[in-house]
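These are my notebook entries on a single structure. I set down what I looked up, topic by topic.

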Amino acid sequence: DKFKIMDFEGALGEYTRGLDVLASAGAKRGDPASELRQRLLCNRASAYLRRDEAGEALRDCEAAIDIDGENPKPYYRGGLARLALADYRGARAMLTRSSSLGSNECDLGVLLETCEHLVGNEELASRLEGTERGTEVAGILARYCEQLIDDGDDEDCDIGDVLDDLLKLLRREPSAKVLFDRACHWRALLFYLTDSYGHRVSDILKELVSGPHAVAWPPIVTGRLVSTVLEASYEEGEKETAMNLILYSASIPMMTSWFLIRPSREVAGVVGKDGAVVPAHLVFSSLRSKARWETIPVKFAQYYVWTLSSFCKAAHGSEMLAKSHIRPISDLVFMFEHANDLKGAFDELADASIPSHFDRVTTAEEAEKFFRREKKRMYNVPVIDLKHSVLDELNVLVRDGSGLRNEAFVRETTALGKSTLKPTRLLVDLLALAKEMHKLSPLKSAPVLGQDGAAKTYEKRPFAADFSKNPFGDAFIEEEHPSRETMLSKLMDVLIGCCDVKNAAITLCSKNIHSLLVELSKYATESIVEKAVELYKVLSSSCQAFASEVLNGDTDMIAYTGLLLTKRPDLQCAAMNKIVLMLSTCSGDDFSWFTKKGSGLDACYTLLCRCMADSGGTYQEFLTAGGKSKSSPSRDVIELCKIVFLQSLERCRLRKKSKFAIPKGGAWDTFGNQEIMEMERFLTGKPVVPPTAAEIPSEASVRIQNASEPQRTVASPTPLHEEGKLRKGFFGSKKSYRRSSKGKDRAQRIAADTKPSVVKKSEVSKEEEVIEEIANNPLLSDEKQQWEEDNRGPEKEDGTELKVVWDSTPSDEIKKHRTDWANMDHSQKLSWTQSSTEVTATVKVPKGTKAKDLEIVVTPTRLLVKLRWYGRVFDGPLSRRCKASESWWILDGDQIEICIPKDDNHFWRSLFEGGQMKSYYEVLQELVHADEPAQSYEDLPEESKDLVDELRERQELVSEGLIDPDIFDDFRCVLSDGDGAK
């Protein structure tokens, strides 16, 4: 226990006391007590190593080997002791022996590689000693070091040139690194680790520790770097150079496996500490001191994150850090929690010249400072970037199960002598961070869908963003990386990674993570809801108590979907039983989520497809055969999937008020129309009316192909009777089929020119066979009539009662333009601007488009843009009402300009409801630059004239270069996306 809390002196006393007891009892080799004696010797050797007393540790290891020479542990720790004593050949021999005995130490392989490299350096130094080339290089190195030491006595000596020449020599002669280390020229080099020559010395130190014949930094170098980082007396430039060097060394296996994590009394002496210290532990443990943390600039904190990341990316890096009592995950969590306390993060908060409230602002300068401070409080770019880096590294570290287990749990001994695992505060802190970020999430209006899938009302819902909830919204915030994943989303990934460890998932469940998931399920950000479902899934799989809490509580479709996506049949059945009860009556939002791609309906359909593939017949035959298959072992799961699928299909059809309609959107589009019909026929055992032949795939390429090969076809005259029914006229009366002589002659000519097409039996489609089957079945006549009514398209008839379908064959150039346009990103086809009175939408169309090819419909609430050869290009509800009767459009080359007068003076955030929204900054820019009628200068009041004169004068100064436009302090400074107007 004392060893775990780093009380190594106390641990030595306990181990020694135990060995003394065994010695007084007369324990001999072969006795049962000899095994205990060997364990105590190995443990005491480990304590000696942590105190940097390698000689004592080696003596205990050799004594343990005498007791049992087949135990790999004393060989491993003896190898470490010899490595600390610079006996590299002896260290290699003992570590090799430990490996041959099956040692499971994680760093054994990299330590052997380090020993091999250091032994190679010793052999190289021996070969160079006494040779002409070795003597020459050693002399050059000695001359350089003398010049560095005696620079004050030689006025012609340029230190910069000397350092540059030394670097060139090391790069040209890699063997010079070994001679440099053998001659101990390190002190002369460190003397110039200052602001003036720091970058040159840094390059030399990096060259010495990398490449062929690399040497390890001695404790004097490591200690100097650590002290530079920790002590306040050094300049920021020197601190940055030292942190950069530590970061670089963290990527060198030789340094991370031993020289940065070995206890050293020499390093302790350099930094003014007692005993022995581990350099890496000393650097990272200083982060947990609040006084020390507040002196670290934000950019230096970023170096800490990168250094921890480099350590952990090494082979078994997390485990090696754990041996040195370094907790990277906990350190990163601490950095995230206290990022706002870093030096320089929020200096404006302590500025007394800035008013605390906006109503106390009296001058334009105070207003500018006030809004800059509030913007930084809401969205501080350097701090946000640091937090993103921390979350990225946390997400990597928690996926390493061993690292998470080492930090999230501690093994304790109970009063009864039993060993048990207890959780630390790590998981509690992570969960608290997620709850705090949810609490600070901003709100926005989101549509609430009714049971028919249409928006019924709007409500404020939280959404994921990197800025905090505030009374200004995002009016003054322009995110640096708007497409970047938000911090809340990344933190949820961290929690999902923690749940890969079963004990961690159980711990999170016991800390009431369910209440957080209920809130996250209400977000307007779809990715957050998706990750909430994933959390429901992994937590339910790992913790039965959590699954029971979800099933027995008053939860929503999101939670049940998470249980459905698990691989456990019992949870799937329980979840689908709940879903079946609420599927017909749930809200439109819940049903839309359940039927989206990759959600619950998609999972049910996948299981049914496997069942259909395994059965080879109908669903009834599948049940008769026992309801089992290789991919669907549970009959109950398949039966519930059937009910869920059919109920979802029925609800979609009721919403469309059609008995045979094929649902659209979400998962339905991924299934395919034909597949939906086949699945329905498989489950119900009844033939299903197929969709009409006019149902064209949505892919643009198929549409273009169909449009590029049109034919002028004229249908044959419509018969007077269809199955005994007369065609009706507009008012319901029988149509008159009298026609003029010219009309008869025209009809005869067209009929003579028309050649009937012959369709072979083999070319009859499957859909036509089903239609013929339905037509011959009198029991399905009502269904046929209903299907015809649902799927009958508009008919156009000319004066001779002939139905005409006409399109001209486009040229190859037109085909190319249409293909290029179809392959264009859909978001690039639409742009829009606005003034206070109207919105102007610009829609790109293929070159060669004519007005007759367009259909544009503007209603007070909706905009439709349609190409007759392609279909709907844009169709959706407008974000606000407009004056449709005053709208107009014009085709200008390859784009359409649509003018949509506003119904009010409100500025729009998006053109379509639910579409991509413009930031408040963009809207305000449109307001500033809108081409509005303006008063003449003479008509302005005196106060406004003074303001205009001042702006004109400053604009002239800007033009003459006397004022920097980036700090131009008109009102747009407050609304800019940076610290100044742009």
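Entry 1, cavities. I took a cavity to be a set of points, on a 1 Å grid over the protein atoms alone, where a 1.4 Å probe fits but cannot get out; lining residues have an atom within 4 Å of a point. Grid points are joined across faces, edges and corners, and a volume is the space filled by probe spheres set on the points. I worked on a predicted model, in which local features need pLDDT of at least 70, side-chain atom pairs count only at pLDDT 80 or more, and totals for chains, interfaces and linings use all residues. Residues are numbered from 1 along each chain as its sequence is written, and side-chain values use heavy atoms, with hydrogens and water left out.

I found 2 cavities of 30 Å³ or more. The largest cavity holds about 90 Å³ of space. I counted 13 residues in its lining, and I246, L260, P279, A280 and V283 lie nearest its centre. By class, 10 of the lining residues are nonpolar, 3 are polar and none is charged. For these classes I counted Ala, Val, Leu, Ile, Met, Phe, Trp, Tyr, Cys and Pro as nonpolar, Asp, Glu, Lys and Arg as charged, and the others, Gly among them, as polar.

I then asked which helices supply the lining of the largest cavity. At least two residues each come from α12 (219–230), α13 (236–249), α16 (279–285) and α18 (298–313). Of the contributions to this lining, that of α16 is the greatest, at 4 residues. Helices (H or I, at least four residues) and strands (E, at least two) are DSSP runs, numbered from the N terminus.

I recorded 44 helices and 15 strands. Of the 982 residues in the chain, 45% are buried; buried means under 20% relative accessible area, exposed over 50%, and partly exposed in between (1.4 Å probe, protein chains only). I took contact to mean heavy atoms within 4.5 Å. Among contacts between residues at least 6 apart in sequence, 64% join residues at least 24 apart.

I noted 19 residues in α2 and a reach of 29 Å from its first C-alpha to its last, close to the 27 Å expected at 1.5 Å a residue. The expected span is 1.5 Å times one less than the number of residues. The buried residues of α2 include L40, L41, C42 and R44. Among the elements that cover the buried residues of α2 are α1 (8–24), α3, α4 (72–84) and α19 (317–323). Just after α2, D52 takes a positive phi of about 60 degrees.

I searched the whole structure and found 40 salt bridges, each a side-chain nitrogen of Lys or Arg within 4 Å of a carboxyl oxygen of Asp or Glu. D52 pairs in this way with R262, the closest N and O atoms being 3.0 Å apart. The two residues sit in distant parts of the chain, 210 residues apart: D52 is in the loop between α2 (32–50) and α3 (54–67), and R262 is in the loop between α14 (253–259) and α15 (265–271). R262 counts as buried because its relative accessibility is 13%.

I also looked up the salt bridge of R461 with E459, where the closest N and O atoms are 2.8 Å apart. R461 is buried, at 17% relative accessibility, whereas E459 is partly exposed, at 36%.

Is α20 (residues 328–337) enclosed or open? I found 9 of its 10 residues buried, so α20 is largely enclosed by the rest of the structure. The buried set includes D331, F334 and F336. For α35 (residues 635–656), the 22 residues should span 32 Å at 1.5 Å a residue, and the end C-alpha atoms are 32 Å apart, which agrees.

T486 lies in the loop between β4 (455–462) and α25 (487–498). Is T486 buried or exposed? I classed T486 as buried because its relative accessibility is 15%. Leaving out residues up to four places away in sequence, T486 touches H388, A464, A465 and D466. G272, in the loop between α15 and α16, counts as exposed at 61% relative accessibility.

Note on methods. 1 Å grid on protein atoms, 1.4 Å probe; cavity = no way out; pocket = protein on both sides within 12 Å on 5 of 7 lines; lining within 4 Å.
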